[in-house]
Amino acid sequence: MTHMLHAAARRVQWSRASAAKRAACLLAAAYGLRVLYPIIRRRMKRAGGKGGSQDGGGAERGREAPHRAGGRGRASPAVNAEFFKQLLELRKLFFPKLVSPELGLLCLHSVALVSRTFLSIYVAALDGKIVKSIVEKKPRSFVFKLIKWLMIAIPATFVNSTIRYLECKLALAFRTRLVDHAYETYFANQTYYRVISMDGRLANPDQSLTEDIMMFSQSVAHLYSNLTKPILDVVLTSYTLIRTARSRGANPIGPTLLAGLVVYATARVLKACSPKFGKLVAEEAHKKGYLRFMHSRIIANVEEIAFYRGHKVEMKQLQKSYKALADQMNLILSKRLWYIMIEQFLMKYVWSSCGMIMVAVPIITATGFADGELEDGQKQAMVSERTEAFTTSRNLLISGADAIERIMSSYKEVTELAGYTARVYNMFSVFDEVKRGIYKRTAVIQGSENNSKNEDKAELHIDGPLEIRGKVIDVDHGIICENVPIITPNGDVVVSRLNFKVQEGMNLLITGPNGCGKSSLFRILSGLWPVYEGVLYKPPPQHMFYIPQRTNI
């Protein structure tokens, strides 16, 4: 009877100590949230204030060079509903039908990621058995398990290499789909000419068609790999740890709550401290494209620059463009420096200390790891079992922590993907609208002189979008213009109404000063510029031949 009372007292004492420990942990967590909440709140308010001040400076930034005026009225790329809408629209280009090679690569990639997760769990358990054989001083068991560990390393390394291979193949397949669709749209209905000459939203189509598509495809494929496997790792490792703890008589609720609390607090802090990487990356890509454009402009006008000895001016323009790019890259690097420092401190050191507590508590409190007594009165030590459980749990916990770290670090990659998504989606939107005859030009403030000229010629300029109301009728012979205006893509009215008739066999010479509309008339006849009003009768394009001002063949 006395023995039973002592055993009951020990159980009551143990439960009270456990309750005290849990209460202390909860109090510490509540105090931490109370301290961190005001800091995070002030940080979020400060970030909102910065966003408002940036919007207020839009008028001043609108006075910059024309190549930057196209995207100033558009909201900054961010992870929001608009981003997911754009991504879903681009998904239709990735997978045009249910059965496609891209979907097959995606399925193989998913199988490889799942296989790698199960191999990680098996290797963690095998590590624990190897340590157990060392503690128990069993050399034969140690050698056998070590050989087994080396044998399992062969498929594990192959799966790792396969994951990287399939990720690159998937990125290439996505890029091929986007490039094929972009080229078809770009060269349909003379879109390549209209995007540059009649629309002002895309400053550098070559940048969007090459580097933007490449970076977007690589980012999508890499992000899928960086999110799918970590999520699966977290689910399976958590299930394995909880099942192991329960099988040994330990209560996994406390460590689970601690892990959730630490992860939640880390996510809130990182979100409050995270810069707007999507906007920064999009601006960097824009500056890269403009620098490339400046180089290509020099190549295209090399003779004129040499005649006028304008190399010093061009060099200053290049240096200015490169300095803007370098400043943007330095800004991104400086913001990443402090963000990565906070991220590494929270995810490596804070998580490691919490992980040690999460591994130690179930092993200390588990009844299945307590030292027992043998029949002859000697104590049975459970050192090897505790060592095996600690090694296995620690490896699984490290794997799960790495997975959570990759998931939380992926937020930065998602924001960068938002920038690439916005640029690629904008490119396809502009291509589609220009193909349908919808043009948008952005007015740029050039200074007081241009303003005075515009006031003098207010009646010869049309502001806002131009509506195409004219008709083009194909005929077999002759050219007839009836009340056809000549309007430049900028909205300048060169000729308000043009009427003439050219019959077959006639010779017509058009003369006049620069800017009177000679070349513009032939652009309308060839179909490069639209007929905004009136009626134009002309032979179809395949029955007419035009000689451009500059040769390309």
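Guide: Strands β3 and β6 (residues 535–538) run parallel and are joined by four bridges. One of the residue pairs is Val472 with Leu536, the latter being the bridge partner in β6. The model is a predicted one. Strands of a sheet pair through backbone hydrogen bonds, in either a parallel or an antiparallel way.

The β3–β6 pair belongs to an open sheet of four strands, in the order β3-β6-β4-β5, and the pairing is mixed. At the edges stand β3 (471–474) and β5 (493–502); each has a single partner strand, so one side of each is left without a neighbour in the sheet. On average, neighbouring strands of this sheet are turned by 25° against each other, with direction ignored.

A helix also packs on the sheet: α14 (residues 518–525) touches β4 (479–487), β5 and β6. The direction of α14 makes about 120° with that of β4.

Most residues other than glycine have a negative phi. Asn483, however, has a positive phi, near 55°. Its relative accessibility is 34%, so Asn483 counts as partly exposed, given that the class lies between the 20% limit for buried and the 50% limit for exposed.

Gln190 counts as partly exposed because its relative accessibility is 26%.

Note on methods: Residues numbered from 1 in each chain as written. Predicted model: local features only at pLDDT ≥ 70, side-chain atom pairs only at ≥ 80, totals over all residues. Heavy atoms only, no water. Pairing = 2+ DSSP bridges. Helix = DSSP H or I, 4+ residues; strand = E, 2+ residues; numbered from the N terminus. Axes fitted to C-alpha atoms, helices over the stretch in contact; angles between N-to-C directions. Contact = heavy atoms within 4.5 Å. Buried < 20%, exposed > 50% of the residue type's maximum accessible area, 1.4 Å probe, protein only.
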